[in-house]
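The following explanation is intended for a reader who meets this structure for the first time. Please keep the sequence and the model in view while reading.

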Amino acid sequence: MNAVTRLVDFDDRDFDPFIADELMFGACLDPYPKLAELRAKGPVHHLTYREYMGEPADHTQGHLDHYTVVGYDEVQRCLNEPETFSNEAYKLNLGISFGRSVSTMDPPEHGRYRKIFQKAFLPQTVAKWGESVVDPVVQGLMGKFRNRGAADLVQEFTLHYPFQIVYKQLALPAEEAPIFHKLAIAQTLVSVDVPHGTEASRKLGDYFKVLVAERLKHPGEDLVSVLAQAEVDGERLPEEIMISFLRQLVNAGGDTTYRGTSVLLTGLLRNPDQLEAVRQNRSLVPQAIEEALRWDGPVLVQTRTAAKDVELGGVKIPKGAVLDVAAGAANRDPQRFPDPDKFDIFRKPQHRHFAFAYGPHVCIGQHLARVEMTRALNAILDHLHHLRLDPDRPAPEIHGIMMRVPKHLYVRFDA
C-alpha cells in the first residue's frame, strides 16, 4: 500500500484548526500603535508580548521571564548573535510540534544541517519551480472564479495556493490534501491547545516516516526524494531531522506565504493607484512584495533565549530569559522607515526588513516565497481586469498579534 493512503485524520473529525487560529494568533486588528508606544519609551521592555497585547500567555513559555524587543538595532542584534540569543526557546513550542527542527538549533549544529537543506532551495532550483509547480496551481485555482466577476481572494485563492504547491513538491495525491492541511495547521496550536497540536504532530510524523522510507527505495523528482538523497561533505540528513523539516514545511512554506500574499493584495487594493501602477509596470512587482513584507509581514514576533547575562538596549537581561523579538515593530521603526505605517511601494528602502528573519536563521524558503508571490500577483493582474474591492461586501481587515492575515478579501473584476 502506498504511504500516502495512510494519513490519518483527527480522532475528533469535527475539530477545525482554522477556527482556533484566532485563539493562537489573536484577533487584534492593529497591534502597531501599542508597539509604537513601547518603542517611544525604549527599545527593550521587561514584559511578555502576548500579555501586553491582551492575549493569554503561551502555555509552553508563559511561566518564564520575558522581555519584549521593539527597536530596530536591538531586533537585528537578537537575530544575528546566536551565541548570545539562542534559538533554544523554540524547543518549548516548535520542538513539541515539529521535533528536532533546525529552527530549534544553534551553531555549529544548525549550520551543518542547514547546508544540506539549502541544496534543495537554491535560487536556480526554485526559479524552475515557478513554471513547473507554481503556475499550474495558480491557474487551476483562478480558473474556478476568473469568469465570475467576483471572488473572495483569501478563501478561494491565497489560503490554498501555497499549500497546494507544497503538496505538488512532495508528490502527494490531491485527495489527501484536506487532512494534510488540517494536521499541518493544527501543529502550530500547541501553545494554546496541546492535545490537538501533539496529535497532529504525531500523525504527520508517522506518515512522513513511512513516506521517507518509501521514497528512499523508489526515489523520484519530488522534494522528499531530493532531501533524502542530499548530502554535504558526505553527510546526509538523519531521519528525525528530515521528518521534522517536512512537518514544518507546510507551515513555514505554506502558511506564511498565504498570509504574505493576502497582505500584499490587501495593501494594493486599498491603494488603487499603486495597484494600477504595478499592473502597468511589472518591474514594480518585486518592490511591491518587499513593501508588503515590511508593512505587515506574516510573522510579527520571533523568539530567542538569552544564552548568558547580557545588556540589550540599555536593559540588563538575565541568562535564561525569553526574548519576544518584535520584528514587525522594527519594520515600522520611524528612524529607519519614514512614515512607517503607510503602505508605499514607491518607498526608497535604505534598510532591510526582518519579515524573513535575519542572520543564521534567515528563512531557507524566502526565494520560493518570493517566486510564489510574484507568480500569484502577475496572474491576478493578467486575468482579473479592473480589479477592485467589492463595495457591497465588508472591507478586508488584517488581524493578529503574532501572525497576520485578513480572513476575507472580497473583490470584483470584469469577467
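This is a predicted model: local features need pLDDT of at least 70, side-chain atom pairs count only at pLDDT 80 or more; totals for chains, interfaces and linings use all residues.

Residues are numbered from 1 along each chain as its sequence is written, and side-chain values use heavy atoms, with hydrogens and water left out.

A nonpolar core is here a set of buried Ala, Val, Leu, Ile, Met, Phe, Trp, Tyr and Cys residues joined through side-chain atoms within 4.5 Å. Buried means under 20% relative accessible area, exposed over 50%, and partly exposed in between, with a 1.4 Å probe and protein chains only. The largest nonpolar core holds 111 residues, and Phe121, Leu170 and Phe180 touch the most other members. Helix H13 (residues 239-270) gives the most to this core, namely 13 residues. Helices (H or I, at least four residues) and strands (E, at least two) are DSSP runs, numbered from the N terminus. Another core, of 20 residues, lies apart from the largest one and includes Tyr72, Val75, Cys78 and Phe85. In soluble globular proteins, nonpolar side chains tend to be buried together.

What does Phe121 touch, not counting residues up to four places away in sequence? Its partners are Val126, Trp129, Leu223, Phe245, Leu249, Ile364, His367 and Leu368, where contact means heavy atoms within 4.5 Å.

The buried residues of H7 are Val126, Trp129, Gly130, Val133, Val134, Val137, Val138, Leu141 and Met142. They pack against helices H8 (154-158), H9 (161-170), H12 (223-229) and H17 (366-383). An α-helix has 3.6 residues a turn, so residues three or four places apart point the same way.

Helix H13 also meets two other helices. Its axis comes within 9 Å of that of helix H15 (residues 285-296), and the two cross at roughly 100°; axes are lines fitted to C-alpha atoms, for helices over the stretch in contact, and angles run from 0 to 180 degrees between N-to-C directions. H13 and H15 are therefore roughly perpendicular to each other, a class that covers 65 to 115 degrees, with angles under 35 counted as roughly parallel, over 145 as roughly antiparallel and the rest as oblique. Val263, Leu264, Gly267 and Arg270 of H13 make the contact with Ala288, Ile289, Ala292, Trp295 and Asp296 of H15. With helix H14 (residues 272-280), the axis of H13 comes within 5 Å and crosses at roughly 110°, which makes H13 roughly perpendicular to H14. Here Leu268, Leu269 and Arg270 in H13 meet Pro272, Gln274, Leu275 and Val278 in H14.

Some backbone details complete the account. Most residues other than glycine have a negative phi, and most peptide bonds are trans. The bond from Pro107 to Pro108 is cis, with omega near 0°, and Pro108 lies in the loop between helix H5 (94-98) and H6. Asp233 has a positive phi, near 55°, and is exposed, with a relative accessible area of 79%.
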